[in-house]
Amino acid sequence: ATDSKSLLGSYTCGDSPGEFRWQPGVLTQAVSSGRWLVLEDVDAAPPEVLVALIPLLEGRPLPMPGRTEALTPAPGFVLFGSISASAGTSARRELMSAALWSRVPVAAPPPDEIAQILHAVFPEGAPLVPAMLESLTAVHALCAHGSGTARVHVRLGRDLTLRDAVKWARRMLVMHRAQLGAADAMSLRS
């Protein structure tokens, strides 16, 4: 959902009529200040975004659209990009090639680590975590292996992730906040 203007920057209206000023984008700010930048699902970015990243990935200064200068990355600048397990079209795969990026495969955390993460992020939802993990395990089993003699195979658009578990936990807390609060109040009385 990011375009090249939000990454690189653009001219915006100034305080006076007819005045324009340069508003740097997040990539430009990270490059000039030597910060780390994480672009999530970069394989799903529009082609203009991928093309804008190529000079940086090749170790060259970042050209600025509509400006004469190019930005040399400040010390400390690092660009990370995550991709989905199945990276889109062949043209996008070429732009995401190993020649430009260093690939670091990251396996999904096992259920016990997901439980630790959910307990740490949502301590008030601890009573819901075992049932949530049991449900996630059942869904994974159904989607990966099928069930019964007919081998019904359900394929989701993608695998369930830690992000899905965190979103689900957040929703469950909203839905069950009253019950969880009542259970906490009862345990304090005993």
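The structure is a predicted model, in which local features are taken at pLDDT of at least 70 and side-chain atom pairs only at pLDDT 80 or more, whereas totals for chains, interfaces and linings use all residues. Residues are numbered from 1 along each chain as its sequence is written, and side-chain values use heavy atoms, with hydrogens and water left out.

The secondary structure amounts to 7 helices and 6 strands, where helices (H or I, at least four residues) and strands (E, at least two) are DSSP runs numbered from the N terminus. Along the sequence these elements follow the order α-β-β-α-β-α-β-β-β-α-α-α-α. Of the 190 residues of the chain, 27% count as buried, a term that denotes under 20% relative accessible area, with exposed being over 50% and partly exposed in between (1.4 Å probe, protein chains only). Among contacts (heavy atoms within 4.5 Å) with a separation of 6 or more, 58% join residues 24 or more positions apart.

Helix α2, spanning residues 26–33, has Leu27, Thr28, Ala30 and Val31 as its buried residues. Viewed down the axis of α2, these buried residues fall within an arc of 165 degrees, so they line one face of the helix; the arc is that of the directions from the helix axis to the C-beta atoms. Within α2, Thr28 is buried at a relative accessible area of 5%, and, when residues up to four places away in sequence are not counted, Thr28 touches Leu7, Leu8, Gly9, Leu62, Met64 and Leu71. The helix is followed by Gly34, whose phi is positive, near 70 degrees.

Met64, one of the residues touched by Thr28, is located in the loop between β4 (62–63) and β5 (70–71). Met64 is likewise buried, with a relative accessible area of 5%, and its contacts, leaving aside neighbours within four places in sequence, are with Leu8, Trp22, Thr28, Glu69 and Leu71. The C-alpha atoms of Met64 and Gly9 are 8.1 Å apart, although the two residues are 55 residues apart in sequence.

In helix α3, 8 of the 11 residues are buried, so the helix is largely enclosed by the rest of the structure. The buried residues of α3 are Val49, Leu50, Ala52, Leu53, Ile54, Pro55, Leu56 and Leu57. Just after α3, Gly59 adopts a positive phi of about 85 degrees.

A nonpolar core is defined as a set of buried Ala, Val, Leu, Ile, Met, Phe, Trp, Tyr and Cys residues joined through side-chain atoms within 4.5 Å. The largest such core has 21 residues, and those with the most contacts inside it are Leu27, Leu39, Leu53, Leu62, Phe77 and Leu79. Two or more residues of this core come from each of α1 (4–8), α2, β3 (36–39) and α3 (47–57), with α3 giving the most, at 6 residues. Apart from this core lies another, of 14 residues, among them Val129, Leu133, Met172 and Leu173.

Leu79, in strand β6 (residues 78–81), counts as buried at 15% relative accessibility. Beyond its neighbours within four places in sequence, Leu79 is in contact with Leu37, Leu39, Leu53, Leu57 and Trp101. A separation of 6.0 Å is found between the C-alpha atoms of Leu79 and Trp36, which are 43 residues apart along the chain.

Grid points are joined across faces, edges and corners, and a volume is the space filled by probe spheres set on the points. The count comes to 1 cavity of 30 Å³ or more, and the largest cavity holds about 40 Å³ of space. Its lining consists of Leu118, Phe122, Gly125, Leu128, Val129, Met132, Ala169 and Leu173, to which α6 (129–145) and α7 (162–189) each supply at least two residues. This lining divides into 7 nonpolar, 1 polar and no charged residues, with Ala, Val, Leu, Ile, Met, Phe, Trp, Tyr, Cys and Pro counted as nonpolar, Asp, Glu, Lys and Arg as charged, and the others, Gly among them, as polar.

Terms used:
1 Å grid on protein atoms, 1.4 Å probe; cavity = no way out; pocket = protein on both sides within 12 Å on 5 of 7 lines; lining within 4 Å.
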